[in-house]
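Please keep the sequence and the model side by side as you read.

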Amino acid sequence: MGSDFPGPGGLGVGRRGPRVGLAPDGRRLAIASEGGAVELWDVERREPARSWSATEGMAAAVRWSPDGQRFVVLRLERDYSSSTLELFEPERDVPVRRRTIDGRVGALAWSADGTRLSAGASRETWSFCADGEPLILQRSRFAAAPGAG
């Protein structure tokens, strides 16, 4: 499922607090703290089910795949010079994949089957494969609009 990020500049960055994502089945909630840690909560039991250690970069978004098998945490460097995507599978002890992109990612979209993730950064769009290697499948650059600098 694709979505645009709310708030200033499209990401909601500038507002403090954790970023959250509710799994499609409504039973799990992924929370990425501003400090970098990620927790997975069991909504019915109202308790944490798993956590991952803090990593660098402030959390900007959490998005679940449509099939609920994985979620991605988008992190931004404080100066917005780069963005990092961390792919998690709830049963794994560490992120399954991590990819850093130059520039600020402003949009994320999962394919309907949850196997591909696209990230839009500045004038670039990146497509990633959620299963298998390599993580990055293609990179395309949009041409500038006529008259744009």
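Two strands count as paired if DSSP finds at least two bridges between them; the strands themselves are DSSP runs of E with at least two residues, numbered from the N terminus. What you see is a predicted model, in which local features need pLDDT of at least 70 and side-chain atom pairs count only at pLDDT 80 or more, while totals for chains, interfaces and linings use all residues. Residues are numbered from 1 along each chain as its sequence is written, and side-chain values use heavy atoms, with hydrogens and water left out.

Strand 8 pairs with strand 9 in the antiparallel sense over 6 bridges, and Leu85 has Arg99 of strand 9 as its bridge partner.

Now look at Ser83, which sits in strand 8 (residues 82-88). Is Ser83 buried or exposed? Ser83 is buried, with a relative accessible area of 1%, where buried means under 20% with a 1.4 Å probe and protein chains only. The Ser83 side chain reaches the backbone nitrogen of Val105 at 2.9 Å. Beyond its neighbours within four places in sequence, Ser83 is in contact (heavy atoms within 4.5 Å) with residues including Leu74, Arg99, Ile101 and Val105.

Some of those names return in the interior. A nonpolar core is a set of buried Ala, Val, Leu, Ile, Met, Phe, Trp, Tyr and Cys residues joined through side-chain atoms within 4.5 Å. The largest one has 17 residues, of which Val72, Leu74, Leu85, Ile101, Val105, Leu108 and Ala119 touch the most other members. Strand 6 (58-64), strand 7 (71-76), strand 8, strand 10 (105-110), strand 11 (116-121) and strand 12 (124-129) each give two or more residues to this core. Apart from it lies another core of 12 residues, among them Ala23, Ala30, Leu40 and Trp64.

Strand 4 (residues 38-42) is joined to strand 5 by 5 bridges, and Trp41 stands opposite Pro48 in strand 5.

Terms used
Helices (H or I, at least four residues) and strands (E, at least two) are DSSP runs, numbered from the N terminus. Buried means under 20% relative accessible area, exposed over 50%, partly exposed in between (1.4 Å probe, protein chains only). A polar contact is a pair of N or O atoms within 3.5 Å; within protein, one must be able to donate a hydrogen and the other to accept it, and residues adjacent in sequence count only if both atoms are side-chain atoms.
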